[in-house]
Amino acid sequence: MIRVENVHKHFGGVRAVNGATLEIAQGSITGLIGPNGAGKTTLFNCIAGAFPPTSGRVWLGEEEITGLTPHELFAKGLLRTFQIAHEFSSLTVRDNLMMVPPDQSGERLWDAWFSPRKVQAEEAAIRRKADEVIEFLNISHVADELAGNLSGGQKKLLELGRTMMVEAKIVFLDEVGAGVNRTLLNTIGDAIIRLNKERGYTFCMIEHDMDFIGRLCDPVIVMAEGTVLMQGTAEQVLSDERVIEAYLGHGVKNKAEVGG
Amino acid sequence: MTDILNAIIVFANFVLVPGAAYGAQLALGALGITLVYGVLRFSNFAHGDTMAFGAMVTVLVTWWMQGHGVSLGVLPTALLALPFGVAATALFVLATDRVVYRFYRRQRSAPVIFVIVSVGVMFIMNGVVRFIIGPDDQDFADGARFIVSARDFRDMTGLDEGLAIKSTALLTIVVALVVMAALFWFLQKTRMGKAMRAYADNEDLALLSGVNPDRVVMVAWILVAALATVAGVLYGLDKTFKPFTYFQLLLPMFAAAIVGGIGNPVGAILGGFVIAYSEVAVTYAYKRFLGHLLPESLAPESLVQLLGTEYKFAVSFIILVVVLLIRPTGILRGKTI
């Protein structure tokens, strides 16, 4: 579904992503793990269009999407969430969700003035959809709350909810479970699995919680120092020596040399 | 008792009523500035001259209408010409955006670049307006001058002081209220208004949702053009149309937007009235007011004026500095600059 070919991203002298090559299969929930600074989020940003890669190419199916803007990628069904949850803080939760579907007739001056019926009907349909999503995520009690007042975990749910407002092909989740309590994490996990099974969403997620990864992800891709270290099932990856070393650092072996 | 009434009337005549009209004009101007700041994320120095441009087109259309015998009776003909002014200004501003600002938006330039660019746009607009209509005062007001004239008021009440209410003052306040109500309805209730607030709130996220940035920017400019033209025409009707005064209005308008909390429309309105009343109250000569209140022996000899009217712009400047020092986000919390 997504193919990343030898992507580099350099910021000045820092090689944040240094020749990453990987593939995300259709219908999978692919995990992307690695120590801090491994280049996971930078790679996400390159794929999802926050900035273009310095070199290398990205494909969505048969189509090259290297360097497209987030807006164009959104239209192609590639969605993402953010590590630090983004929300429209001065809009209600429901309005946040209703903002997602593109090209609504209410945004066109002509339709807004001259065919209010059409605009209303469309808006009612989107509102129903938003209410379904709110129901699905179990956040009905805060539906009319301003999104800025939500807790961190609820904002993460809202992030996930946004991806459900349109027919997405692939969703990139950047640490959707970070800073979320166990119960809420399970809710999020269930939602991801249901979306994957029932609506055929492909997911690629950066995550640090290994239990969460183990429950959801197959395969798991490990990144370290800007490149892909290995790929395998959660069990294979977690028992691999290179991965342990990447996480704990070279310092474990040569502690004295590094100086503690 | 009549002394107190006289004092109240003289205060209302020279401070309350003119301040309300001036405040409404500043508020409309500050709304435009705050909208550009919120949606397009820069301080638009060309806003004063956008007002001048809109007012100029309205003046020209008004003259043409007057020449053809079109009239609104007691209301000024300029009200009929206003939609033409708004349309022309919207086109002009959209063209400017297409030719100038869009380039920098695509470059994702820093806000400070936009500010400097807007200074350039300001000079161009400045020149265009002077080239077309000249730098002088232009008279385009017609219709009834007063709702209540000072003499009628005196005859009616038998007081020494008169309260004159200019029809343009009332018109300014009514039109400003209608425009503000329409703007708030648009921002709160319509789909496009919500999209605009979403875009102002979090641009990255808006780009990752279905919000079409080009459309948001376009509608924002149209609104700004409408607000600027209405403000410019009302100011011109109330005082007089002179291109340079609109440039001078830039400082009090920015002060109003910042004092109220920039990016916050309610704040812009509040700020407009705060600045207007401060300016009027500080530069007003209280001699007659105090003369009515105090016993004759204590009546002031001097004008009792805190600041000469030529220093009125210093008032907004001082308020601006104080607010930036004490509460940089403004009275109602806006975005920090």
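This is a predicted model: local features need pLDDT of at least 70, side-chain atom pairs count only at pLDDT 80 or more; totals for chains, interfaces and linings use all residues.
Now turn to the pairing of S1(A) with S2(A). Pick Phe11(A): Val14(A) of S2(A) stands opposite. Next, go to the turn. S1(A) and S2(A) make a hairpin, with two residues between the strands. Click on Gly12(A) in that turn and check its phi, which is positive, at about 60°.

While the strands are on screen, keep one rule in mind. In a regular strand, side chains alternate between the two faces of the sheet.

Move to chain B. Select helix H1 (residues 2-40) and helix H10 (residues 243-260) of chain B. Their axes are 8 Å apart, and the helices pack at an angle of about 75°. Angles of 65 to 115 degrees count as roughly perpendicular, so H1(B) and H10(B) are roughly perpendicular to each other.

Show the side chains where these helices meet. On H1(B), select Tyr22(B), Leu26(B), Gly29(B), Ala30(B), Ile33(B) and Thr34(B). On H10(B), select Leu249(B), Pro252(B), Met253(B), Phe254(B), Ala256(B) and Ala257(B). Colour them by class: 10 are nonpolar, two are polar and none is charged.

Keep Thr34(B) displayed and select Asn264(B), a residue in contact with Thr34(B). Asn264(B) sits in the loop between H10 and helix H11 (265-283) of chain B. Is Asn264(B) buried or exposed? Its relative accessible area is 18%. The cut-off for buried is under 20%, so Asn264(B) counts as buried. Beyond its neighbours within four places in sequence, Asn264(B) also contacts Leu332(B) and Arg333(B).

Last stop: Thr50(B), in helix H2 (residues 47-67) of chain B. Thr50(B) is buried, with a relative accessible area of 3%. Which residues surround this side of the helix? Leave aside neighbours within four places in sequence, and Thr50(B) is in contact with Thr89(B), Val93(B), Met125(B) and Ala228(B). Then select Ala46(B) and draw a distance from its backbone oxygen to the side chain of Thr50(B). A polar atom of that side chain lies 2.7 Å away.

Terms used:
Residues are numbered from 1 along each chain as its sequence is written. Chains are lettered from A and ligands numbered from 1 in the order in which they are written. Side-chain values use heavy atoms; hydrogens and water are left out. Axes are lines fitted to C-alpha atoms, for helices over the stretch in contact, and angles run from 0 to 180 degrees between N-to-C directions. Helices (H or I, at least four residues) and strands (E, at least two) are DSSP runs, numbered from the N terminus. Angles under 35 degrees count as roughly parallel, over 145 as roughly antiparallel, 65 to 115 as roughly perpendicular and the rest as oblique. Contact means heavy atoms within 4.5 Å. Ala, Val, Leu, Ile, Met, Phe, Trp, Tyr, Cys and Pro count as nonpolar, Asp, Glu, Lys and Arg as charged, and the others, Gly among them, as polar. Buried means under 20% relative accessible area, exposed over 50%, partly exposed in between (1.4 Å probe, protein chains only). Two strands pair if DSSP finds at least two bridges between them. A polar contact is a pair of N or O atoms within 3.5 Å; within protein, one must be able to donate a hydrogen and the other to accept it, and residues adjacent in sequence count only if both atoms are side-chain atoms.
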